[in-house]
Amino acid sequence: MRSVEEQQARVAAAAVAPRPVRVAIAESQGLMCAEEVVTERPMPGFDQAAIDGYAVRSVDVLSVGDGAGEVSLPVMGSIEAGARTPSRLQPRQAARVQTGAPMPTLADAVLPLRWTDGGENRVRILRSVRSGAYVRRTGDDVQPGDVAVRAGTIIGPAQVGLLAAVGRDRVLVHPRPRLSVMCVGGELVDVSRNPGTGQVYDVNSYALAAAGRDAGAEVNRVGIISTDPGELRETVEGQVNRNEIVVIAGAVGGAAAESVRTVLSELGEMEVARIAMHPGSVQGFGQLGRDRVPVFLLPANPVSALVVFEVMVRPLIRLSLGKRQPMRRVVQARTLSPISSMAGRTGYLRGQLMRDQDTGEYLVQALGGAPGASTHLLATLAEANCLVVIPSEVDEVRTGETVDVAFLAQRG
C-alpha cells in the first residue's frame, strides 16, 4: 500500500502549466503573470494635486505664524481634474485645485482647504506649507523602465489596477488549467431525469466539477459517458486532447471499471493502486495521450470521490496555476468528541471548525468520525467546513486531544 505522500509526489511530478495566453486585464484576476510588465511612461504623467485646496508657491506663505501678520493671496482661477489647458501661477497668487488636477507652473505645494478660509476671489492663509506638500510629482509611483508587475506574480486587485494605471489593457498570463469531469456507471442518470429502479442520480460529475472550479480550473463537465469500448476510447481521447487534467469517477472497483481501465491502457500509462488513506483508498492515476495528460480514476461513492479530489487533484490544479503552496491551510484544533480512524491509513474526516471567542483556540466537531459512524454520508460532507487529518498510526482520538485540520474555505 502506497502512502499518501508518495502518491501526491507522483501526481505533482505530472504538473504542467498551460501555455501562456494574452487576456484582457479584467479577466486576469487570480492568474499568474507570465511576463515582465515594463512601464513606458511615468505615473503620474504630470505634477498633480493630491488634495482639494489651493496651489501656491510655498515661499509666498512662509511668513504665516511668524508674527508677520495675516497672509492672503488673490485667486487666479480654478483648475479641475482632467483640465488640459496649461496654466501658470504668478508670484503671490493662488489657484483653486481639485484632487488630481494638474499643478500650474511655478506652484510647488497645495494648501488644504481646512488651512484657509475657502475664499473664491481672495483666500486667507491660516497655516504655512512646505514645498512639495500634497503634490504628486511626475513619476512618483512609477518611472519609465520600472517593472509594474513581475512574471510569476499572482494578479490580484492591486495588480489589475496597476496594469490599468500604466496603460495596459491586456497581459500575458498562465491560464486556468482545463479540467474535464466525467462519470461511468450503468446505474447513473442525469438529474434532469427521474431515476428508475436500481438507478441513482449522477452526483459526482456535478460535485467534482464544482470542486474543480473552486480550485481555480476551467471546467468542462462531460457527465455520464458510455462504457462501450469504442465510444469510451473516443470520448476519453477527445477530452485528453483538449484538457490539461481529466477526472473519471466510478472507474475503480467492479467489472465495469476493469473494462474502463483496459481501454485507458491503450492510450497511455494508467495505474490503479491502493493508497493508505480513507475514504477513497482505491484510486487510479496515469498520463494518457501524446501530451501525457494527467488522468485520475476516482471511486463511485461521492464522499470518497470528493475526498480523493481534495487530496490528489486539487493540489495538481493549484500547482498548474503557479501557486507556491498548493495545499490547504492547516491549523491545530482541540476535538470536542472522540474520533475513530482506520489504523494504517491517513484519515480525512469531515468536521466543523470553530473558534473559542475568549481564548482564540480552534475547536473541531467531528461529523463522520465518531466510533461506528459511516464515512460515506454526503449530507455531513455538505455541513463540513474542514477535514480532520488523522495520522495513519492513530486509530482513536479522545475528546480534548489536538488534531490537524485543513480548512475547506469557500471562494468569493
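This is a predicted model: local features need pLDDT of at least 70, side-chain atom pairs count only at pLDDT 80 or more; totals for chains, interfaces and linings use all residues.
Buried residues are those under 20% relative accessible area, and exposed residues are those over 50%.

Strand β9 belongs to an open sheet of five strands, arranged in the order β8-β5-β7-β6-β9 with mixed pairing. The edges of this sheet are β9 and β8 (109–112), each of which pairs on one side only. On average, neighbouring strands of the sheet are turned by 40 degrees against each other, direction ignored.

Within the sheet, strand β6 (residues 71–79) is joined to β9 by four bridges, and the two strands run antiparallel.

A separate site concerns Arg345, located in the loop between β23 (339–340) and β24 (346–355). Arg345 is buried but has no salt bridge. The nearest side chain of opposite charge is that of Asp395, 12 Å away; a salt bridge requires a side-chain nitrogen of Lys or Arg within 4 Å of a carboxyl oxygen of Asp or Glu. With residues up to four places away in sequence left out, Arg345 touches Met1, Arg274, Ala276, Met277, His278, Ser281, Ile390, Pro391 and Ser392.

How values were computed: Residues are numbered from 1 along each chain as its sequence is written. Side-chain values use heavy atoms; hydrogens and water are left out. Two strands pair if DSSP finds at least two bridges between them. Buried means under 20% relative accessible area, exposed over 50%, partly exposed in between (1.4 Å probe, protein chains only). Lys and Arg count as positive and Asp and Glu as negative; His and the chain ends are not counted. Contact means heavy atoms within 4.5 Å. Axes are lines fitted to C-alpha atoms, for helices over the stretch in contact, and angles run from 0 to 180 degrees between N-to-C directions.
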